[in-house]
Amino acid sequence: MIKRITCLFSACFLLFACREVGWEEHYERPEWLKGNAWELLEDRGDFSMFLEAVDKAGFRSLVEGKGIVTVLAPPDEAFEKYLSEKGYGSIDDMPTKEVKKLVGYHLVYYSFSRERFVNYRPQGQEVDQPAMAGLYYKHRTKSRDTISVELDVITGKERTIFHKERFLPVFSYNIFTSKNIDAASNYEYFYPTSTWTGTGGFNISNATVKEYAVPTDNGYVYVVDRVVEPLETVYEELKQESQYSDFISIYDRFTDYWYDDETSKSYADAGDSLYVKTHSGLPEIASEWTYNGGSGLVDYANLAELSANAYNVFAPNNAAIQSFFNEYWGTYYPTLEEVPFLPMQLLLFNHVYSGSIVFPSEVERGDIQSTYGNTIQFDPAQDVEAKGIAVNGVYYGLNEVIVPDLFKGVMSPMLKDPKYKMFLQMVYQSGTLQALMGDALKFTVFIPSDEVIKNTIYGGSEIFWDEGNPLRFGDEAVQVENTEGILVPMSTGAMRAFVQNHIVTEEITEISGTKVYRTRNPFSYLYVTDQGVASSNIYNLGEFTPATSVGGELINGRTYDVERSLIREEGSFKYIVASASSGTSSIQEFGEFSKLLSQAGLVDPQNEFEFLFGDNYMLFAPTNEAIIQAKEQGLIPTDSDELEDYLRYYFIPINSNGINDYAFPGMEMEGEFLTSQEFGDTFSAITLLDNGSGLQLRSANGETADVISTFPKIYVDAAVYQIDKVLNSGQ
């Protein structure tokens, strides 16, 4: 015995040296030595069937002291009952594989005292986390399934699936205290044939603990009142329920297989490759573990996430899914299978919550928020037809679809109608989706169809749609041509700028009148008149595009279909103004001002408006008629240096004035601003006035001029307005 104890201490010391802080506590040797777990149970005399099963499963040496383990021991009476329920006359009748799976679920990694089960803290028992007491409820066992083989429909190849060891739920009274919910009703909701007996302690899955933490020299033994049947994953549990086959079929459209390099090295035969079954873009409800190494930390080392995180699935039954399909998508798609990936993913995300395990009282209380901000709420007593605890979470089988607010708001037309799939993809990939959630704000979204987007020149390129592999989620892409003429995915920034120019944070109830609205891009606006709507790109060509209301009554605004993309003007005024006097120019109204700029040398190639030092600006340019009249009256200098100084008075730099908007009537952006005209050690000032329906400029010497352009022409570098007369600073 002394030799064995010495070896045990040596083994523990080596383990301590190679584990992270906190892990050593799980290898701690109990204070009192009572013999190993096998000897203890053998001496008790009422655990012969369990020990027989341990031996048959190949775990005898572990229980005898080869490793540190916490043993959950059901007495013979409990084992006899289990065998009878399963139709076995004896343990010999059970297949070895099944025995190993069953017994392994009664062998918990590491040594867990009662205190540590009651309030397990993976960072170490000395770490005080009162808000997390009991929430680390899952514990790794020796139970796992053998490898299985599945056909990967995307590649047509068979994949060998590795199944990781099961985690066992231990429901401490602390978990219910931390969540501020009743222990008995919430526990028994999932275990209706069991009784909550964990006051001051815990229940182990569906079992009552009859005797706590009997110490041995290789761990602790807990006597339980029944054989604890191994739990399956949420995915497998739902797969066995025929009324949820549509939910599983939809989920399986996202199936993918992740090659597990570390596991392949450790467990596979030479040349074999082992995979973990995943669901791309969705919580991995088919995986036994709720963490598989995604953040870079090796899977088994992330005890905090493995023990606290659960996949909580709220699965609508087939009838509910079919009813929702008929109402929402039936007009656009012949079958549920033809609804694109992205709308289906967004719907599923409202039915899978990844986080702390969810009990019915939390659902009733409205505590659970989906990924996209919805409260997941239903009546656990009336709306749930199936329920259960799984090895990686819980499931509620519902008789209804929990419709996300996204499906009722301004996103709705994009999620319904396939002709908007490109814009939907851009909204999603650019990260704009979250901004359009909920009903706290109102929005107006102008949606160009796929056909419209494909006929748009953006960033010097046409826009293309790559359908990708129709069986793989995330394979589709919005593309543009790069400088070498090769199709590449549009960048996130470019998509965001495109999308946000079609969004107004305000509800536009009608396309009429003469109004201007800010888009979600800085210094970018949409103009609305009776003719339709225009972005700077369209308006600078003197055009508007029709906008037709779509989507009906929405909870957070309105949507309009537009016949042209509402993109920003991509040209710079300083580069095109030199050609304004040309007969083919789209800015002929600035022809005379262009001539003055040329005379002053301000539009010389490579030196255009260099006095602005790259700053954006508002330019208030007199009309052609006003300039011609002023010339005749001798009001405009002819010397090039004096003319440059004179013209710079019409430029108001943006950054040096701290301006956050271009000026429009009614926006109340008025006051005294510095121009680009130098005045001693500073710059000359000009005053901008807003009377609510129009803008006016007042020079330093008191002259005034009215802004007569309905809307300014906006470019990458400027907003350009027309005024009805020339001004002089008098300085």
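Which residues line the largest cavity?

## The cavities

This is a predicted model, and a search of the whole structure turns up three cavities of 30 Å³ or more. The largest cavity has a volume of about 70 Å³. Its lining is made up of Tyr109, Tyr110, Phe112, Tyr120, Lys138, His139, Arg140, Phe167 and Leu303. Strand β3 (residues 138–140) gives the most to that lining, with three residues.

## FAS1 annotation

Going by the UniProt record, an unreviewed entry, the annotation "domain: FAS1" covers residues 34–228, 231–402 and 577–727. Take the span 577–727: its end C-alpha atoms sit 20 Å apart, and it is 17% helix and 28% strand.

## Nonpolar cores

In soluble globular proteins, nonpolar side chains tend to be buried together. Here, the largest nonpolar core has 72 residues, and Phe446, Phe573, Phe609 and Met618 touch the most other members. Setting aside residues up to four places away in sequence, Phe573 touches Ile587, Phe590, Phe609, Tyr617, Leu619, Tyr715, Asp717 and Val720. Another core, of 70 residues, lies apart from that one, and its members include Val234, Tyr244, Leu424 and Met495.

## A polar residue on the inside

Now for Gln677, which belongs to strand β29 (residues 671–679). Is Gln677 buried or exposed? Its relative accessible area is 3%, so Gln677 counts as buried.

What does Gln677 contact? Neighbours within four places in sequence aside, the list runs Asp645, Tyr646, Arg648, Tyr649, Thr682, Phe683, Ser684 and Ser729. With Ser729, the side chain of Gln677 makes a side-chain to side-chain polar contact of 2.7 Å.

Terms used
Residues numbered from 1 in each chain as written. Predicted model: local features only at pLDDT ≥ 70, side-chain atom pairs only at ≥ 80, totals over all residues. Heavy atoms only, no water. UniProt positions renumbered as here; feature names shortened; annotations may be inferred. Helix = DSSP H or I, 4+ residues; strand = E, 2+ residues; numbered from the N terminus. Core = buried A, V, L, I, M, F, W, Y, C linked by side-chain atoms within 4.5 Å. Buried < 20%, exposed > 50% of the residue type's maximum accessible area, 1.4 Å probe, protein only. Contact = heavy atoms within 4.5 Å. Polar contact = N/O pair within 3.5 Å; in protein donor to acceptor, adjacent residues only side chain to side chain. 1 Å grid on protein atoms, 1.4 Å probe; cavity = no way out; pocket = protein on both sides within 12 Å on 5 of 7 lines; lining within 4 Å. Points joined across faces, edges and corners; volume = space filled by probe spheres on them.
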